[in-house]
Amino acid sequence: MLAALRCCGPRSFPAAFYEAIPAWSPWLVPSRGRKSRYDPPAKSKASRLKVPPPVDPAELYVVTERYRQHRLVLSALRALLLGSSIFRSEVVQRKREAQRDAEDSAALSEEHRLLMAWNDAENARQRARREERIRKEEEERKMQKLQAAENKAKLMEAFLKEKEKEVLQLQEEAKTFITPENLEARIEECLDNPRNYNFAIDKEGRIVKRTALS
Amino acid sequence: MVQLGSALLKGYRGGHVVIRFALGGCTNRPFYRIVAAHSKRARDGKYLEQLGCLDPLPNAHGEKVAGLNLERLRHWLGCGAQLSRPAEKLLGLAGFLPLHPMTITNAERLRRRRRRAQESDAPPAEGGSQEPSAAV
């Protein structure tokens, strides 16, 4: 298809016909034809010097200026169209609302005022209840904390008392301990006072000195 | 019956609405439809709305005929649609948008070339008419 297009390419038609065709017509052949991008260029093109197309600086300046103006105008048009299309529905809605409000605005505003007042009263009532509840909860919590502290203090006191008792008892017992100083005296004492452990004990714990055998 | 239509619809990332030409017609007979479509769609693929058409080949009276739906064009431009270069040029020529700079530039170049061609034709004719008089 590309070869067929190429045979009726730019060379075969007169220049005037070529000028008259706009840039976007399918008569212009694409630059990459029979070869793919990986095929090497031909030997006849070895000495070819690729030169960019010549540019007239005056014309370039004029064209840049024209582009700038054109883009400015286009952006302004776009902004205008954007405004008119997006906000059109909102503007229409607002118009309708204004119309409706203008019809019976007094009654509506009165009703609105009453409703708002009732709403405010409800809010105040709920707020009072809520604050009451919160206050009660706070007090509860404080009471509980105090109770807990008291309990803890009591427990500590009891514990301390127990320990005191034990310490005193130990101190009492310490008077009867055998120390290196008492050692000699206590040994003498034990030797002087022999104790007789030759007794039995019944189930109630009474000592029985006399047995059946004797 | 399980409805899977929405799951089969093509979803794109990015892209924007573009007003451009979709090529139709047959071999050696092009025909363009001016179309508002997603920029990532194929040139002749599914479009959002057709806004007009253009016949690039001149008719019996030497005119190139195009049809445009200006109301919907305004709507799409207001929705933020971009324009392709040929679409811009066409709308410039139609008067809906200002003329594209390259239209003016190409017209100037053509005029200059024609004037130069005329001048190059005229002096040889004058030179040719003067030479015989000089020779004589």
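1. A contact means that heavy atoms lie within 4.5 Å. In chain B, residues 24 or more positions apart account for 33% of the contacts with a separation of 6 or more.

2. This is a predicted model, in which local features need pLDDT of at least 70 and side-chain atom pairs count only at pLDDT 80 or more, while totals for chains, interfaces and linings use all residues. Residues are numbered from 1 along each chain as its sequence is written, chains are lettered from A in the order in which they are written, and side-chain values use heavy atoms, without hydrogens and water.

3. Chain B contains 4 helices and 5 strands (DSSP runs: H or I of at least four residues for helices, E of at least two for strands, numbered from the N terminus). From the N terminus on, their order is α-β-β-β-β-α-β-α-α.

4. Of the 136 residues of chain B, 26% are buried, that is, under 20% relative accessible area with a 1.4 Å probe, counting protein chains only.

5. E59(A) lies in helix α3 of chain A and is buried, with a relative accessible area of 15%. The side chains of E59(A) and R109(B) are joined by a polar contact of 2.9 Å (a pair of N or O atoms within 3.5 Å; within protein, one must be able to donate a hydrogen and the other to accept it, and residues adjacent in sequence count only if both atoms are side-chain atoms).

Note on methods:
Buried < 20%, exposed > 50% of the residue type's maximum accessible area, 1.4 Å probe, protein only.
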